[in-house]
Amino acid sequence: MRRLSFLFCYFTVFTAFPANSQGSVPPTGVSSPWATHFRPILGLFIFLTGIAAVFMPWILFASVIVPNSSTLSWIIDGDVKVFHLVAEPVKRELAPGLVINAWGYNGSTPGPLIEAVEGDRVRILVTNHLPEPTSIHWHGILLPNDMDGVSGLTQKAIQPSETFKYEFTLKQNGTYMYHPHTDDMVQIGMGMVGIFVIHPKEAEDLPVDRDYAIMLSEWAIPVGGNTPDPLVMLDFNFFTFNGVAYPLCEPLMVKSGERIRIRFANLSMDNHPIHVHGHTFTVTRRGAQRLPISAQYQEVTVDVPVGTTRDIEFVADALGDWPIHCHKTHHTMNGMVHDLPNVIGIEWNGLEERIRKFLPNFMAMGQDGMEEMFTHHHMKTWIPMGAKGPYGVIDMGGMFTIMKVSDD
Ligand SMILES: [Cu+2]
């Protein structure tokens, strides 16, 4: 990338500044406004961008795209990048029509992605607007012990309405995370998670055109309720990419031939084997530093264990709409209730309707499978799954999204 920046400078010096000399004067001998005004200004702009890029290579990194979520803004104070996180209750539309009472940061779960560059000094102010104390642990980041965010061990918990100042220098690069280390089970279960990306100081050998980040989460929302239950062990019924279940997941819009990175982060209670259709990808990072080439490996499904991140990279060279999804089939469902009998092959003979007189929300697993449920939108409490596809219903929910690879 730096080499590219120097080329920028070199190129613009020799194209922009001779604008008034013989090179750009039209044959009539009359200088055009383009040659006398616009071209030098444009050239100067590109030249300065190139100079800036030499000294600040991060301006040429592809910013991380966070579908359905956002990136945290920052200001400069001297040599320090200053961020501000507010821990607070948030409303989140998890699935169509299902708005939950979650906890998160700055109005969102997951919290906004923090993006910085190796070598940066960062100051992160954390204000607590929760009804209980909190703290933030910077998961995987090398820092002084008193910045590690474990309440009771490395700091006093941040009390409601208090603000705590974390400050440290980023000594590494990669995909990391942040989460509370106070009442972890409740606060993480309620949605308090976020991704922390540190770009490398030096340019990458294979820069990517699009750089995505996706936080994997799972939720236990009682039927008819709106507040996640952090007490369940593993019986989750909603599974989300960046806090939303399909069909709310924004598609990844990609141009054919582009090099793509997707960073997956997992602070849930399960591992999630994420499968990409139509492409073979390379696993380039497992949590920490970029893997040496000899340790990188090709896959079609990457398992993202609890408490880790995985980066995958590939050239999107196959046109079309390609699913990216968790391969645990229950994790591509919405609003499942799991303790019901399997009735595939059983004749119901109107029994479902009779049961519904007493339990209005009751919906049995279909006698021929569950496909018919995806088109049932007449029930008020049924969480819609699936979306309209060119060949009928795409009968998916949960951790499922679509990468659209096109020529435009
Ligand atoms: Cu999963």
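Predicted model: local features only at pLDDT ≥ 70, side-chain atom pairs only at ≥ 80, totals over all residues.

A: Here is a short chat about the fold and a few of its residues.

Q: OK, how many helices and strands does the protein have?
A: The protein comes to four helices and 23 strands. Helices (H or I, at least four residues) and strands (E, at least two) are DSSP runs, numbered from the N terminus.

Q: And how much of the protein is buried?
A: Buried residues make up 35% of the 408 residues. A residue is buried if 20 or more other C-beta atoms lie within 10 Å of its own, exposed if 12 or fewer, and partly exposed in between, with C-beta atoms placed from the backbone.

Q: What share of the contacts join residues at least 24 apart?
A: Among contacts between residues at least 6 apart in sequence, 73% join residues at least 24 apart. Two residues are in contact if their C-beta atoms, placed from the backbone, lie within 7 Å.

Q: Let's zoom in on β10. Which of its residues are buried?
A: Six of the six residues in β10 (194–199) are buried. That covers both faces, with G194, F196 and I198 on one side and I195, V197 and H199 on the other.

Q: Which strands pair with β10?
A: Strand β5 (residues 114–117) runs parallel to β10, with four bridges joining them, and A116 stands opposite I198. Strand β9 (174–179) pairs with β10 in the antiparallel sense over five bridges, and there M177 has I195 as its bridge partner. Two strands pair if DSSP finds at least two bridges between them.

Q: Remind me, what holds paired strands together in general?
A: Strands of a sheet pair through backbone hydrogen bonds, either parallel or antiparallel.

Q: Now the five-strand sheet: what's the order?
A: It's an open sheet with the order β13-β23-β20-β15-β18 and mixed pairing. The edge strands are β13 (252–255) and β18 (301–304), each pairing on one side only. From one strand to the next, the twist averages 20°; axes are lines fitted to C-alpha atoms, for helices over the stretch in contact, and angles run from 0 to 180 degrees between N-to-C directions.

Q: How do β15 and β18 run, parallel or antiparallel?
A: Antiparallel, with four bridges joining β15 (residues 272–276) to β18. H272 has V304 in β18 as its bridge partner.

Q: Switching topic: where is K81, and why is it called partly exposed?
A: K81 lies in strand β3 (residues 80–95). K81 is partly exposed because it has 18 other C-beta atoms within 10 Å. Leaving aside neighbours within four places in sequence, its contacts are W74, I76, A116, D120 and V122. E167 is 86 residues from K81 in sequence, with 9.6 Å between their C-alpha atoms.

Q: Where are the cis peptide bonds at P110 and P247?
A: One runs from T109 to P110, with omega near 0°, and P110 is in the loop between β4 (98–105) and β5. Another joins Y246 and P247, where omega is about 15°, and P247 sits in the loop between β12 (238–241) and β13.

Q: And N242, buried or exposed?
A: N242 counts as buried because it has 25 C-beta neighbours inside 10 Å. N242 also lies in the loop between β12 and β13, and its phi is near 50°, a positive value in a residue other than glycine.

Notes:
Residues numbered from 1 in each chain as written.
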